[in-house]
Amino acid sequence: MSNINVGIIGFGTVGAGTVEILFENRDIILNRVGSEIIVKKIADLDTQSDRGFPIDPDLLTTDAMEIIHDPQIDIVVELMGGKEKAKDYILKAMENGKHVVTANKALLAEHGEEIYRAAEQFGVGVAFEASVGGGIPIIRALKDGLSANRISTIMGILNGTSNYILTRMTQEGLPYSEAVKEAIELGYAEAPPTLDVDGTDAAHKLAILISIIYGTPVPFDDIYREGIENLVPEDIRFAGQFGYCIKMLAITRNLGDRIEARVHPTMVSLDHIMANVNGAYNAIYVEGDFVGPNLYYGLGAGRRPTGSAVVSDIIYLARQLCNGISKPMPPLAHASPQEKEIPIQPMETLRAAYYFRFSANDRPGVLSKISGILGDHEISISNVIQKGRKVNGSVPVVMLTHEARESSVSKALSRLDSLDVLTDKTMVIRVEGE
Ligand code: NDP
Ligand code: HSE
């Protein structure tokens, strides 16, 4: 088989990592594929910046169309990010018969259906290992290694930036804003980091994992998401006093006729398997009906780990090309995609244990008022901390509850937050594993 020619669109963090691996590990890749993988062209708006290794200027262009229309290029690798333009480039490349690799989780979560349909229509492969979990091969695990199983649960730390921020706030007591700054400097965060910290990025990744489990895209907007922006170091300290830490978890469970799909800051016991996943590391816990529990752990962001996942996709497609496989594997690895959308359980019906931090006036009777209203809504308290120390003029009253219904919690809080003894909106964090 002749060489496999690759064109890369986007020579930023992941693009540079990808090219560096293709250059540096050329010999082992050649041996594993059986053909040479040649970087034929790299498109980026900026062709001048130093990417950390020598690059032949003739390889660079500012025009992605040079790659998309090059008849010698077999695989187009989209690493520019963004949605509309990236989608147009991918669809055009597929129309031109090119196989596609992308790390673009936002695009796949929100427009995956259109891309998967085009791949089938034009008979090309599309691979997206880097879109979830950075360097962790979770997509291939679900598509191949676990393909004999019905998957009942996935629980993941899927966003490296928010995990890094929470870790720094927990271990060093850093304020939120300083931890965010560090995550940007280290190249974990997207620019701007809004989607990392508000839960959207983790929800994108959860949507991709769910689509592989069931063989159909999920309605992205139905996935509940809540970010870490409002957490304060105090919540992290109180969580520690109860024997918990706070992690941003993405959770899906199969409930038979519907699924849970939610992303939010979650209190997990300090001996929970997720509690020791720190820094920019991601971890994905998967439960299958025959295999039982599986855990995947690794760096979820950054140039080298993400580049590793992108190159694994290039190798995967190149092997198929070398072996003359005429029909590539369907994008979601299901022979006939489900026609029906998967219904997602509305959050109001969730049952969970909760952490509440009330900001209260330091007056007699406040605690009984709070517990009275919680009791009216059948929310039973399991633990309370009330410190006399004032924070911004109020006293924090912190409670853990037994399992309660989310709709009851919302009703109780809307009554509580209108009380004049409470000076601020109540902080609510769901507790996992009670
Ligand atoms: P970067 O912003 O570092 O790189 C993107 C590059 O693409 C930039 O150099 C940008 O140029 C260039 N670009 C933008 N538009 C065009 C265009 N029309 N033609 C050619 N080049 C263009 O992003 P990342 O490398 O971090 O991310 C790339 C993708 O990988 C995204 O989809 C991201 O979500 C995903 N991803 C990123 C991870 C990470 O750890 N960073 C991990 C997993 C996935 P300029 O800067 O001049 O605009
Ligand atoms: N910004 C993302 C994160 C990159 O922090 O997880 C990996 O997708």
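## Domains and basis of the model

The domain assignment, whose bounds come from an automatic or database source, divides the protein chain into domain 1 (3-135 + 303-322), domain 2 (138-298) and domain 3 (347-431). Between the C-alpha centres of domain 1 and domain 3 the distance is 50 Å.

This is a predicted model, in which local features need pLDDT of at least 70 and side-chain atom pairs count only at pLDDT 80 or more, while totals for chains, interfaces and linings use all residues. Residues are numbered from 1 along each chain as its sequence is written, chains are lettered from A and ligands numbered from 1 in the order in which they are written, and side-chain values use heavy atoms, with hydrogens and water left out.

## Surroundings of ligand 1

Ligand 1 is surrounded by 21 residues (a residue counts if one of its heavy atoms lies within 4 Å), and the closest are T13, V14, D44, K105 and G302. By class, this shell holds ten nonpolar, seven polar and four charged residues, where Ala, Val, Leu, Ile, Met, Phe, Trp, Tyr, Cys and Pro count as nonpolar, Asp, Glu, Lys and Arg as charged, and the others, Gly among them, as polar.

Polar contacts here are pairs of N or O atoms within 3.5 Å. A backbone N or O atom of T13 lies 2.9 Å from an oxygen atom of ligand 1, a polar side-chain atom of E190 lies 3.2 Å from an oxygen atom of this ligand, and for an N or O atom in the side chain of K105 the distance to a ligand 1 oxygen is 3.4 Å. On its own ligand 1 has 890 Å² of accessible area, of which the protein covers 77% (Shrake-Rupley method, 1.4 Å probe).

The residues around ligand 2 are K105, N159, G160, T161, Y188, E190, D196, D201, K205, G300 and A301, which divide into two nonpolar, four polar and five charged. Taken alone, ligand 2 exposes 260 Å², and the protein buries 94% of that. Helix 7 (160-172) and helix 10 (200-214) are the elements that give two or more residues to this shell.

Methods. Helix = DSSP H or I, 4+ residues; strand = E, 2+ residues; numbered from the N terminus. Polar contact = N/O pair within 3.5 Å; in protein donor to acceptor, adjacent residues only side chain to side chain.
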